[in-house]
Every structure is written in C-alpha cells, then in structure tokens.
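Student: I have a model open and want to go through it bit by bit. Can you take questions as they come?
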Amino acid sequence: LIFDNIAASNIHNGSRIAISPDHKLYISTGDASDPTRSQTASSPNGKILRLNLDGTIPADNPVAGNPYWSWGHRNPQGLVFANNKLYSSEHGPNNDDEINIIEKGRNYGWVNVKGFCDDSNEQSFCQSNNVAEPIEAWTPTIATAGLDYYNHDLIPQWKNSLLLATLKNSRLYQLKLDDTFSDITTINEYFTNAYGRMRDICISPEGKVYICTSNGGNDSVIEITRK
C-alpha cells in the first residue's frame, strides 16, 4: 500500500501517475465532485501529490508531512516529465480545459479560477493565492486526457511537442513548444473522429506513438509511425 484515503466519485477522479527523474511518485487527483476539496490543503483531492516510492512524504514537499505538491485542480488527466518540467492536462467545467506546468506549492485556481486570471474576481484571487495560469486553455472544451512529450527523429515534424489525447471530437493535438519549453507556439490537430475517444498516449524509445481509445467496450490501441 503506497497511499490511501483519496476520495472517489463517478467523475473527477484524476488518477494519472508519473515518476520523476529523481524517483519521486506524482499522482493527480480530481475533486471527486466536491470542488471545496481542491482549495483544502488537508484533503488529498484536487491536487498533484508527491511521494517517495515507498509512500512516505518527502521532506522538501511544500508543507511538512503533507503529500501535496500543487493544489487547486479540478480533474487533471495527463502528467509527463520533460525538459526539467512537469506538464499536466486538466478538464475544465464547460470552459477552459487546460495545459499547465506544475510548480512546487502553486495554486492552480479551481474552483475560484477557470483558465486564465482574466476577470476582476479571478485576478484578486490569483494575486492573493499565488495562482499559476495555464500555458494553454480551450473554450469550448476538448476533454483533455493523456499527455506525453515527443522529441524523436521518427516523426521529425513533432519534435519538441506535447502530444495530447482528447475525448471530445476524438482527436490528437500536437502542441509545439518554444525554445524555453514554457509556452506553446503552434497547435495542430490529427485523426479527428477517426478512432473514437482518445484516452491515453505513450511513446516508445524508437519514437512510435501509441494511442489508447476509450469507446465503452470497443477499445483499441493505435500505432503511429509517421505524421
């Protein structure tokens, strides 16, 4: 047993995991249908949690004895380490699905902020609570799901890009990063409605891309070896 007592619901469970280059375990958790959990530091829900691989809490977490690394999340569905950064994809409500760069101790706003800090109430909360804005947001929503980083020669047009699987309109997004790896310069879309809902994505050491679909009993894995 690594970690327990995470609240669950029929929606908003997060549930993505990633292991960092320094061998820490990161776990995304959703608000489990109760948005107040995201802004409650004592709740493990609505967070990116950070643990040692044996389940103990690292001494350098933002709060001593607390597993959270970041908070204020609604339903993060993708996590990937690349470029010395942790990228996350997150479901918004009816607006503002997000791509975030996860930073230690930062608040990502939910439920007080949706997407960017772009109205007066949000701006006040952002200034008071060290809120990190997304590097990209979508309205209408696209149902962001699995996320990975591509930097191989097999598909050279995708180098230095985040690849994002989505459930709504069933497509793959290429999110080309800038030279600082901190902003998205170009967005391209592929395979719209070709394979159904796309749940997760992974990349082989050779640079092949694998997409897992989520079609309610008619699921498949798609292999991509060229653009």
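Student: Which residues does Asp-96 touch, not counting residues up to four places away in sequence?

Tutor: Asp-96 touches Lys-114, Gly-115, Ala-137, Trp-138, Thr-139 and Thr-141. Contact here means heavy atoms within 4.5 Å. Before going on, note that this is a predicted model, where local features need pLDDT of at least 70, side-chain atom pairs count only at pLDDT 80 or more, and totals for chains, interfaces and linings use all residues. Residues are numbered from 1 along each chain as its sequence is written, and side-chain values use heavy atoms, with hydrogens and water left out.

Student: Where is Asp-96?

Tutor: Asp-96 is in the loop between strand S6 (85–90) and strand S7 (97–102). Strands (E, at least two residues) and helices (H or I, at least four residues) are DSSP runs, numbered from the N terminus.

Student: What does the side chain of Asp-96 make a polar contact with?

Tutor: The side chain of Asn-95, at 2.6 Å. A polar contact is a pair of N or O atoms within 3.5 Å; within protein, one must be able to donate a hydrogen and the other to accept it, and residues adjacent in sequence count only if both atoms are side-chain atoms.

Student: Salt bridges, then. How many are found in the whole structure?

Tutor: The search finds 5 salt bridges. One of them joins Asp-60 and Arg-50, with the closest N and O atoms 2.8 Å apart. Asp-60 sits in the loop between S3 and S4 and Arg-50 in strand S3, so the pair ties together parts that are 10 residues apart in sequence.

Student: Is Arg-50 buried or exposed?

Tutor: Arg-50 is buried, at 3% relative accessible area. Asp-60 is partly exposed, at 40%.

Student: What about Glu-103, which residue does it form a salt bridge with?

Tutor: Arg-106, with the closest N and O atoms 2.7 Å apart. Glu-103 is partly exposed at 36%, and Arg-106 is buried at 18%. There is also a salt bridge between Asp-153 and Lys-159, 3.0 Å from N to O. In that pair, Asp-153 is exposed at 60% and Lys-159 is partly exposed at 28%.

Student: Back to S3. In what order do the strands of the open sheet come?

Tutor: The order is S1-S2-S3-S4, 4 strands with antiparallel pairing. Strands count as paired if DSSP finds at least two bridges between them.

Student: Which strands stand at the edges?

Tutor: S1 (17–19) and S4 (68–71) do; each has a single partner strand, so one side of each is left without a neighbour in the sheet.

Student: And how many bridges join S2 to S3?

Tutor: There are 5, and Tyr-26 has Arg-50 as its bridge partner in S3. S1 is joined to S2 (residues 24–28) by 3 bridges, with Ala-18 opposite Tyr-26. S3 and S4 are joined by 3 bridges, and Lys-47 is partnered by Trp-71 in S4.

Student: Why is S3 largely enclosed by the rest of the structure?

Tutor: Because 6 of the 6 residues of S3 (residues 47–52) are buried. Lys-47, Leu-49 and Leu-51 cover one side, and Ile-48, Arg-50 and Asn-52 the other.

Student: What is phi of Ala-32?

Tutor: It is near 50°, a positive value in a residue other than glycine. Ala-32 is in the loop between S2 and S3 and is buried at 6%. Asn-5 also has a positive phi, about 65°, but Asn-5 is exposed at 68%.

Note on methods:
Buried means under 20% relative accessible area, exposed over 50%, partly exposed in between (1.4 Å probe, protein chains only). A salt bridge is a side-chain nitrogen of Lys or Arg within 4 Å of a carboxyl oxygen of Asp or Glu.
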